[in-house]
There are 2 protein chains.
Amino acid sequence: MAQLLIIGGSDAGISAALRAREIDRSVNVTVVVADSFPNFSICGLPFYVSGEVPDWRRLAHRTVDEIEREGIRLLLGHMATAIDPAQKTVEVVNTGGQKQTLSYDRLVIATGVAPIHPPVVGLDLPGVYLLHTMEDSFQVHHHVAERNPQTAIIIGAGYIGLEMADAFRHRGLQVALIVRSEVLRTTVDASLARVVEDELRRHDVEVAKRVDVESIQRDGSRLMVSGSNGFRKGADLVLMAVGVRPSSELAARAGISTGARGAIRVNREMATNIPDIYAAGDCVETWHQITQKYTYLPLGTTAHKQGRIAGENAVGGHRQFLGSLGTQVVKVFDLAVARTGLREEEARNAGFDPLTSESKTWDHKAYYPNARELLIRVRGDRRSGRLLGAQIVGHWQAQVAKRIDIFAAALFHEMKVDDLNDLDLSYTPPVSSPWDPVQMSVQDWAKSKERASD
Amino acid sequence: MAQLLIIGGSDAGISAALRAREIDRSVNVTVVVADSFPNFSICGLPFYVSGEVPDWRRLAHRTVDEIEREGIRLLLGHMATAIDPAQKTVEVVNTGGQKQTLSYDRLVIATGVAPIHPPVVGLDLPGVYLLHTMEDSFQVHHHVAERNPQTAIIIGAGYIGLEMADAFRHRGLQVALIVRSEVLRTTVDASLARVVEDELRRHDVEVAKRVDVESIQRDGSRLMVSGSNGFRKGADLVLMAVGVRPSSELAARAGISTGARGAIRVNREMATNIPDIYAAGDCVETWHQITQKYTYLPLGTTAHKQGRIAGENAVGGHRQFLGSLGTQVVKVFDLAVARTGLREEEARNAGFDPLTSESKTWDHKAYYPNARELLIRVRGDRRSGRLLGAQIVGHWQAQVAKRIDIFAAALFHEMKVDDLNDLDLSYTPPVSSPWDPVQMSVQDWAKSKERASD
């Protein structure tokens, strides 16, 4: 009976395990899980800290029981320390220091990410946190729930940074958000980033831009954060959220090739350069469907897809990962901020001639109560008319997320901007318009193009 | 300077006018409008009657001023009575009985629909209403607002029937809904129709099925509705909503061919069989993208698309109408009921071998507050795996409408059911799951297919 070994018990690892068992009930699947929390929704951590999810156990996509019921063996509290591709074994060590050697016929590496530790003095001080693992979230949660902090500083405005600003405000803390860049968010265009910044300020989040944090020091019972340009600010709690890097050292030591940002190289079947070793999720390079190049773009949705494909192929399949479009959405207070496809610079670098329009529309017929304004940016190639990307900012209950998905489906099929008018989309006054906002925005793009060529 | 004449000032007619002027600023456009309400959102009438839209003027997609500002001449209160294709003229008569003959170079017929008058005695009694025109809605609104009715009977459970049940309940009336069929809604499958029926009863709407209404009689100050199987029920107000038929007599008298249900025959460029005469909207046959056949499927979204294409082609374009998928959504109290693609029987008639799965999923991660259950039915062809249709019922604020649009985009591209797993859809816990409900439901379909072939 074939042995499938999987290193990593988060999105990609468990997806691979489930898919392998779904296809081949005879395969033995073992998942090596570093902590005791397999298949937890890491994207849900901010909502546990905010108190919106009262019980952390609910963050599990599936319980240990549910996973084991699928015939999957979980080795909890075990770190993989070495892969021997010649012997087809993996060395693991448990929390008590005991070593064990596991053999495999096929291996899936799904080791995820590690947080970036910037060169800042004082990262190890009590009261300075990351939010990357369940253990991290227990610590932050404990601090907020038990020690009654009044003020928090968040360093970094990635998804975690933004969501934690919301979460801390939900807990009643005063919050300052510190970013290095000129604009708040680099994943959406500047005009939309400004809307996000306004939303933060509207909810009394102080935003400090162009600040390079240099040190964190104790200051009585508080922490003092210092940075470039004379920045100094005290708080009871500091959260570092400056990003992640692929956890690929284990793979690299075994001779597996790495590429962009140090991520593991895989082909479209999620196979590494070493026979019988697959890799998936946040630790691998991601094929981009539009640029037709590998990049580094770690996202939970992609991890699930890649894990499923790795699991299918590890038991004999040949399914291909068709690529990421970088589709993503984040909720920041009342706003959803969504994007898919290429940004201006990415489009230019990929050889396109991007033209971008910005539209303001109602999410549904304005005569029906509670119509919300949507800001939609559409990007297309001036020469071919091909859709290259879209971004939407609007009230999070105004179907922003699934509207960006209509664009994502159009990108998937390499549609021209103008052709989105042919899509037969649904309408009733409380939820849309006879031309959906998606279509009104592509009609605006066509007008921009005409004006630009006049 | 070319003369474009358009008969009909609703969705298709005004869309044609606007598009023609957008493309060719030199064309003279005249729109013959039977009443004084061009470009009104007829889909919004129930929300005016309910009181949710306090001022009927807000139902205008555009005001008369806004339309005229685009260089479009509106001939309000004029009925077209005859088309002479040889002379290229149209005879119109105004409300005062004065006749006028208008000449055209190109003509667009957008005469919409007429309500079906079933063979029921007493349709002309005071207190018996249709809801088809602005004038109808003023009458119903007046009755409800001024005459303090306590009870209403609605005959027919099409969109207007369902929305009016909601509207009358909103006004505090007791409501009974009478339908001829065994199931409440024939546009969605029986299991979803039952959910709609439950929602109506939950909001104290009495539902009477398998009743053929035969007569309406005065009964003191009330109306008595009688029907098959000894049905008798009294009410202060009766609304007939048993459906519509294409308004095609004017065209037929001019020698224009008609087809399904008497609708005007057009080709994919929205041209009729007579040179220089186009037609669009609810009065024409609709090309169905999946069956690749003409059918009758009047929808506001389709009317806008066809009108835009007719307008573009009337000034020299050659754009094709790519077809309808029958995508539609209706809000019934707290539910959205959405569908796209083929129903079981339609699929079978089109030569497919349909297999349908039904899934129950949360609209977003259940740990985040206010998760709502979605019921999703996926229909695919057993042999080819091709997606044929989908239906969703769930809370109207759970992105039901734009989720059906993801299916609609997939249908547009003739995707296989399984391939929807490759779509890069957006996710954050408050709005979705790492696999969107759309994708979870297609995974269930694949499992159904395996079970069915075991």
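## A loop glycine in chain B

B:G243 counts as partly exposed, because its relative accessibility is 32%. This is a predicted model. B:G243 sits in a loop of chain B, between strand 16 (237–240) and strand 17 (244–246).

Which residues does B:G243 touch, not counting residues up to four places away in sequence? They are B:P115 and B:I116. B:P115 is 128 residues from B:G243 in sequence. In space, the two C-alpha atoms are 6.0 Å apart.

B:S137 belongs to helix 4 of chain B, residues 134–146. Its relative accessible area is 0%, so B:S137 is buried. The side chain of B:S137 reaches the backbone oxygen of B:M134 at 2.7 Å.

B:S137 also has contacts beyond its neighbours within four places in sequence. These are with B:L45, B:Y48, B:V49 and B:L131.

## Two chains, one rotation

The structure has a chain A and a chain B, and the two superpose.

## The interface in numbers

On the chain B side, 64 residues are in contact with 64 residues of chain A. The area buried between the chains is about 6100 Å². Carbon and sulfur atoms give 59% of that area. In chain B, the residues that lose the most area to chain A are B:Y367, B:K402 and B:D424. Together these three account for 14% of what that side buries.

Between chain B and chain A there are 33 residue pairs in polar contact, both residues at pLDDT 80 or more. Four elements of chain B give two or more residues to the side that touches chain A: helix 8 (300–314), strand 21 (328–332), helix 10 (400–412) and helix 11 (437–453). Helix 10 of chain B gives the most, with 10 residues. By residue type, the chain B side divides into 29 nonpolar, 18 polar and 17 charged.

## An isoleucine at the contact

B:I404 lies in helix 10 of chain B. Is B:I404 buried or exposed? B:I404 is buried, since its relative accessible area is 0%.

B:I404 touches a residue of the other chain, A:S426. Within chain B, and not counting residues up to four places away in sequence, its contacts include B:T327, B:R339, B:T340 and B:A390. B:A338 is another residue that B:I404 touches. B:I404 and B:A338 are 66 residues apart in sequence, yet 6.4 Å apart in space, C-alpha to C-alpha.

## Salt bridges across the interface

How many salt bridges are counted between chain B and chain A? The count is 8. One of the cross-chain pairs is B:D436 with A:K402, whose closest N and O atoms are 2.7 Å apart. B:D436 lies in the loop between helix 10 and helix 11 of chain B, and A:K402 in helix 10 (residues 400–412) of chain A, so this pair joins two chains. B:D436 and A:K402 are buried.

A:D422 and B:R319 also meet in a salt bridge, at 3.5 Å from N to O. Why does this pair join two chains? A:D422 is in the loop between helix 10 and helix 11 (437–453) of chain A, whereas B:R319 is in the loop between helix 8 and strand 21 of chain B. A:D422 counts as buried because its relative accessibility is 8%. B:R319 counts as buried too, at 13% relative accessibility. A salt bridge also forms between A:R319 and B:D422, with the closest N and O atoms 3.5 Å apart.

## Salt bridges elsewhere

Over all chains, a search of the whole structure finds 65 salt bridges. In chain B, the side chains of B:R57 and B:D55 meet in one of them, at 2.9 Å from N to O. B:D55 counts as partly exposed, because its relative accessibility is 29%.

Chain A holds a network, in which salt bridges that share partners join A:D189, A:E344, A:R348, A:E358, A:R377 and A:R379.

Methods. Residues numbered from 1 in each chain as written. Chains lettered and ligands numbered in written order. Predicted model: local features only at pLDDT ≥ 70, side-chain atom pairs only at ≥ 80, totals over all residues. Heavy atoms only, no water. Contact = heavy atoms within 4.5 Å. Buried area = accessible area lost by both parts, 1.4 Å probe. Salt bridge = Lys/Arg side-chain N within 4 Å of Asp/Glu carboxyl O. Polar contact = N/O pair within 3.5 Å; in protein donor to acceptor, adjacent residues only side chain to side chain. Nonpolar A, V, L, I, M, F, W, Y, C, P; charged D, E, K, R; others polar. Buried < 20%, exposed > 50% of the residue type's maximum accessible area, 1.4 Å probe, protein only. Least-squares fit on C-alpha atoms with pLDDT ≥ 70 in both.
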